[in-house]
Amino acid sequence: MEHWGLEAGLQARREQDLYRQRLTVQGPQGPELRVDGETLLAFCSNDYLGLAADPRVIEAFADGARRFGAGAGASHLVSGHQSPHEALEQALADFTGRDRALLFSSGFMANLGVIDALTGAGDRVLQDRLNHASLLDGARLSGARFRRYAHNDSAALARLLEKPAAGRSLVVTDGVFSMDGDIAHVPELAATCREHNAVLMVDDAHGLGVLGNTGAGSLEHYGMSQTDVPILMGTLGKALGVMGAFVAGPAALIDTLIQSARSYIYTTALPPAAACALQCALGLVREDAALRDALGRNIQQFREGALALGLPLLDSATAIQPIVLGDAATALSWSGNLRAQGLLVPAIRPPTVPNGSARLRVALSAAHSSEQVARLLEALKHARDQHARHR
């Protein structure tokens, strides 16, 4: 494939400090990770409640595997839909206050499936400029007219909706923005959609489990009903600690997705053991607020300490705490400094974030101790001082 210029493209990425590399973790998720033979204090995982390695969730997974096997064997519409899947869908619908829920293999697949199934030529999809890549790709693949509005700006959305459209209008936003950590202004967006006869979809991948009185996410945080937000997507591999995703909403929506969402129809179902583990994790989230409380304390401790150090934090009240450093080389330098101190906080660079906004994406967990958060703050102070000396 030499004539395709792949190596030249890779070299260009290296020269621009944009080349991505994987880490190999040896062991379970947790505040400390074993990476390439080195133990690192990690602030990069989306395991916001520390459930990925919770013994109760692990045992539920193991028991599910003993009872139902390692894999589903087929898609949901053939023979892969098993009783743990059915029970989990019912529990998720109840948890989120929706009529029904439908499991997908991942959040990316859920977003592709929903947007493609509901829109096409003649329709339009309007999205927040900072939405997740899966939402943007879903709009592009749907064949609908695709426009993006200024971040969290309902007035900008209204101006787009005021323009005439031949078909239906779908508005899509993240609930919590994955790289900035801020929460979408869902009530304003919902009011704008009602005014212009548009349907609102919220991707709550980073809100589910951690926001709201019971952890049901950003919609519970705002008190938004199924009527306000007809389409809710949530992932199950972040705060809930396992894998997969779901879409929840009116019964007619779920039936339509079963009939038309290609990424649902033509994908092998989640392992039933994963569904068993997720029922356990969901129960822990619903029944005990202690994990959310612990996460809240860690967020407060970190923000107070980081602001006292003068670090360039974004305005986020969630577990995602970005420190915006500007260019990719600077973000890599800070990340490398932290790694040398025994901490893992990867640099996030374009195209994941806009040019000029490379950052450290600090991700906090309920599993972090106060002492570990204090260690992170001390390490960031050292990185800041080192950077200032070498400027």
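For the residue classes here, Ala, Val, Leu, Ile, Met, Phe, Trp, Tyr, Cys and Pro count as nonpolar, Asp, Glu, Lys and Arg as charged, and the others, Gly among them, as polar. This is a predicted model, so to speak of local features takes pLDDT of at least 70 and side-chain atom pairs count only at pLDDT 80 or more, while totals for chains, interfaces and linings use all residues. Residues are numbered from 1 along each chain as its sequence is written, and side-chain values use heavy atoms, with hydrogens and water left out.

**Pockets**
(open sets of points on a 1 Å grid over the protein atoms alone, where a 1.4 Å probe fits, with protein on both sides within 12 Å along at least five of seven lines; lining residues have an atom within 4 Å of a point)

- The second largest pocket holds about 380 Å³ of space, the volume being what probe spheres set on the points fill, with points joined across faces, edges and corners.
- Its 18 lining residues include Leu 130, Asn 131, Pro 351, Thr 352 and Val 353, which lie nearest the centre.
- That lining splits into nine nonpolar, four polar and five charged residues.
- The largest pocket has about 900 Å³, and 28 residues line it, with Gln 21, Leu 23, Pro 346, Ala 347 and Arg 349 closest to its centre.
- Its lining comprises 15 nonpolar, six polar and seven charged residues.

**Contacts**

- Beyond neighbours within four places in sequence, Leu 295 touches (heavy atoms within 4.5 Å) Tyr 48, Leu 49, Val 210, Ala 319, Leu 364, Ser 365 and Ala 366.
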